[in-house]
Amino acid sequence: MAILNIPEPVSIGLLLSYKCNISCRDCIYACSPKWKSDWINIEDVENIFNQLAPILNKAVPGYSKQISFSYGLHFTGGEPFLNFSLLLKLTYLAKEKNIPLPFVETNCFWATDDKKTKKMLIKLKKAGLSGILISVNPFNIEYIPFERIKRAAKISQNIFGPNSIIYQQFYFSLFKQIGLRGTISFKELLKKVDPKKLQGYIELLPMGNTLYKLDYLYERKPADFFFGESCHMELTRNWHLHIDNYCNYIPGFCAGISLGNARNLKKILAGMNLENFPILQALNINLGKLYEIGKANGYRESSKGYISKCHLCTDIRKHLVDKTDEFKELKPIGFYKNIGN
Ligand code: SF4
Ligand code: SF4
C-alpha cells in the first residue's frame with residue numbers, strides 16, 4: 001500500500017473565498033468576480049483553528065513578532081476585504097484561538113479615502129491582526145488605481161509598523177518613479193519601462209491563470225519533456241499551504257488539488273492511502289503516469305506544447321474534471337471552470 005505522508009504545516013493561507021473584485025492574468029487560484037460568494041463558514045474555521053493552533057505555534061521561531069509566509073497564518077483569497085465583517089470576525093477568532101501572527105493579503109481596492117482606510121485598519125489591529133501584506137505588481141495595477149495602494153501602504157505603515165509589507169517593493173518604487181496615476185495595462189507598462197529592467201523582477205509562477213493568459217512569455221515544450229518529473233516535494237511541503245472556503249487542504253500553490261478535508265486535519269496528517277487517489281499517486285511518481293490517466297480518458301496532447309510541468313498537469317486535470325467526477329482529489333470544480341477565463 002503506497003502512503004503519502006503529509007507533514008504538519010508550519011504556515012497556512014486561509015482562503016475566505018475565491019471571489020475577487022478583479023481577475024489578474026497571473027492569479028494562481030483563478031480568482032475573479034465570476035465566482036459565487038461562497039464565503040468560508042465560521043464554524044468550520046473555529047474547528048480548523050482548534051486543530052491548527054498547537055501545530056502552528058510550534059513552528060514560530062522564538063518570540064518572533066514578525067509576520068511571514070514561513071510560519072503562522074494569513075487570510076487570503078480571493079480578496080478578503082470584499083467581506084470585511086467576515087475578515088474582522090475571523091481575526092477575533094484567530095486571537096481567541098491563539099493562532100500565531102495572523103495577517104491579511106490584499107489588493108487594496110477598498111482604500112478609497114484616508115478616513116475609511118484608517119478606520120478599517122484600526123478595527124483589524126484591535127481585533128488582533130498582526131499585520132498586512134499589500135500586493136503590488138504589473139497585473140493587479142491593471143485594475144487597482146495606484147493611489148489606493150499608496151494610501152493603504154502609508155496608513156498601514158503607521159498602524160502595523162514593520163508588519164506592513166509591500167509585495168513587491170520593486171514595483172511600488174517603479175510605479176512611483178514613473179509618476180503613475182490610476183491604473184496601467186501590462187502592454188502600456190512594457191512601452192513605458194524597458195522590459196529588460198523588469199527581467200528578474202516579474203515573479204511569475206508558471207501555474208494558474210499564467211498558463212493561459214501569459215503563456216506567450218514562455219518557451220513551450222512537448223508533453224514528454226516533463227514525463228520524468230515527480231511532484232512529491234510539492235505535495236508534501238509543509239509551508240505556505242492553503243485551506244480554501246470549501247475546507248480543501250491544498251498543497252502549496254497546486255490549486256485544484258485537495259489532499260482532503262481540513263475539518264479533519266488529523267486524518268490527512270495520518271497519511272493518505274494513494275490507492276484511493278490515482279491523480280495524487282501519479283503525481284507522486286511522475287507526470288508520465290498522469291498523462292497515461294489523461295490519455296485513457298480521451299486527453300490529447302496540445303500541439304502547441306506546454307510552458308511548464310504545471311501547465312501539462314493543469315491541462316490534463318481540467319480535461320479529466322470535464323469528463324468525470326471520479327477523481328475526488330480534483331477540487332474545487334470551480335477552479336477548473338474559471339481558470340484562464
Ligand atoms: S492575484 Fe489576488 S488580486 Fe489578483 S485576482 Fe487573484 S486574488 Fe485577486
Ligand atoms: S505539476 Fe501539478 S502537482 Fe506538480 S507542482 Fe505543478 S500543479 Fe502542483
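Predicted model: local features only at pLDDT ≥ 70, side-chain atom pairs only at ≥ 80, totals over all residues.
View 1. Strand β3 (residues 72-76) runs parallel to strand β4 (residues 103-106), and two bridges join them. In this pairing H74 stands opposite F103 of β4. Four bridges link β4 with strand β5 (residues 131-135), again in the parallel sense. Here T106 faces its opposite residue, I134 of β5. From β4 the chain passes through helix α3 (residues 114-127) to reach β5, a β-α-β crossover that is right-handed.

**View 2. Surroundings of Q168.** Q168 sits in the loop between β6 (164-167) and α5 (169-177). Its relative accessibility is 11%, under the 20% cut-off, so Q168 counts as buried. Leaving aside residues up to four places away in sequence, Q168 touches V136, Y201 and E203.

**View 3. The largest pocket.** This pocket holds about 920 Å³ of space. Its lining has 37 residues, of which D26, I28, E105, S135 and N137 are the closest to the centre. β3, β4 and β5 are the elements that each give two or more residues to this lining. By class, the lining has 18 nonpolar, 15 polar and four charged residues.

**View 4. The second largest pocket.** The volume here is about 340 Å³. Among the 23 lining residues, M207, E234, F253, C254 and C310 are the closest to the centre. Two or more residues come from each of α9 (232-235) and α13 (309-323), and α13 gives the most, with five. The lining of this second largest pocket divides into 16 nonpolar, three polar and four charged residues.

How values were computed: Residues numbered from 1 in each chain as written. Chains lettered and ligands numbered in written order. Heavy atoms only, no water. Pairing = 2+ DSSP bridges. Right-handed = clockwise from strand over helix to strand, strands pointing away. Buried < 20%, exposed > 50% of the residue type's maximum accessible area, 1.4 Å probe, protein only. Contact = heavy atoms within 4.5 Å. 1 Å grid on protein atoms, 1.4 Å probe; cavity = no way out; pocket = protein on both sides within 12 Å on 5 of 7 lines; lining within 4 Å. Points joined across faces, edges and corners; volume = space filled by probe spheres on them. Nonpolar A, V, L, I, M, F, W, Y, C, P; charged D, E, K, R; others polar.
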